[in-house]
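Trainee: I would like to learn how to read a metal site and helix packing. Can we work through one model?

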Amino acid sequence: MADVVRGQVAYPEAPMPAKLVQGSDADDVSVYIAKCAGNANCGVTAANATPAAPVTTTSATSSGGGGGGSSTAEGKQVFASAGCGGCHTLKDAGATGNVGPNLDQLKPSESRVAHQVEVGGGPMPAFKGQLSDAQIKAVAAYVSSVAGK
Ligand code: HEC
C-alpha cells in the first residue's frame with residue numbers, strides 16, 4: 001500500500017505543481033490510503049473516527065491553546081482533504097508524503113504553516129482561495145500542535 005501511495009507522490013515529483021493540483025483526486029486517494037494503512041483510527045470521516053472531538057461545532061477550543069478556537073479535528077480534516085499528506089509526512093495524520101519536508105521533523109510554528117499554506121513556496125502550491133482563512137488557520141493550528149508527536 002505504501003508503494004501505491006509513494007507512486008502517486010513520486011510521479012509529479014518534477015516541480016509541476018499545477019499538474020499535481022489537477023490530480024487532486026489521486027492525492028485524496030493516496031492520502032486516504034496512507035492514513036488508513038497506518039492508522040486503525042482512520043480519521044477521514046472525522047465525525048465518526050474521533051470520539052473525543054465534538055463534531056457539531058467548529059468553535060471547540062484547541063487543546064494547545066493560542067490557536068484561537070479552531071479544533072484540531074477540523075484542521076486534521078483540512079490536512080486530509082487539501083492533500084497535504086500527498087507531499088508531507090505527518091504521523092498524526094497517517095501521512096507519508098516525501099515531496100516536501102517531513103513536518104514531524106520540521107515542527108513548524110502555527111504562523112509558519114499558515115504563511116506557507118497561503119503563499120506556497122518552491123513546488124508547493126498556494127492554497128489561498130482554495131482554502132478559507134478559517135481552514136488555513138485550522139490546518140496551521142493542527143500541524144503545529146501535532147508535528148513531532
Ligand atoms: C505538491 C506538493 C505539496 C503539497 C500538496 C503541500 N506541500 Fe507543503 N511543501 C511542499 C514543498 C516541496 C515544500 C518545500 C518548499 C520550499 O522548499 O520552498 C513545502 C513546505 C511546507 C512547509 C514548510 C515551510 C517552511 O517554512 O519551511 C510547511 C509547513 C508545509 N509545506 C505545509 C503544508 C500544508 C499544511 C499543506 C496542505 C495545505 C501542504 N504543505 C501541501 C510540497 C507540498
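Trainee: Which residues coordinate the iron atom of the ligand?

Mentor: Some ground rules come first. This is a predicted model: local features need pLDDT of at least 70, side-chain atom pairs need 80 or more, and totals for chains, interfaces and linings use all residues. Residues are numbered from 1 along each chain as its sequence is written, and side-chain values use heavy atoms, without hydrogens and water. Donors are N, O and S atoms within 2.8 Å of the metal (3.2 Å for Na, K and Ca); water is not among the atoms, so sites may look incomplete. Here H88 (NE2) and M124 (SD) coordinate the iron, at 1.9 to 2.0 Å.

Trainee: Where do H88 and M124 lie?

Mentor: H88 sits in the loop between α5 (72-81) and β1 (89-90), and M124 in the loop between α7 and α8, so the pair ties together parts 36 residues apart in sequence. Helices (H or I, at least four residues) and strands (E, at least two) are DSSP runs, numbered from the N terminus.

Trainee: What is the geometry of the iron site?

Mentor: Six donors count as octahedral if opposite donors are over 155 degrees apart and all others between 65 and 115. This site has 6 donor atoms with angles of 87 to 178°, and is octahedral.

Trainee: At what angle do α5 and α8 pack?

Mentor: Axes are lines fitted to C-alpha atoms, for helices over the stretch in contact, and angles run from 0 to 180 degrees between N-to-C directions. For α5 and α8 the angle is about 100°, with axes 7 Å apart. That makes α5 roughly perpendicular (65 to 115 degrees) to α8.

Trainee: How do α7 and α8 cross?

Mentor: The axes of α7 (residues 110-119) and α8 (residues 133-146) come within 8 Å and cross at roughly 135°.

Note on methods
Tetrahedral: all angles 85-135°; square planar, octahedral: opposite > 155°, others 65-115°. Parallel < 35°, antiparallel > 145°, perpendicular 65-115°, else oblique.
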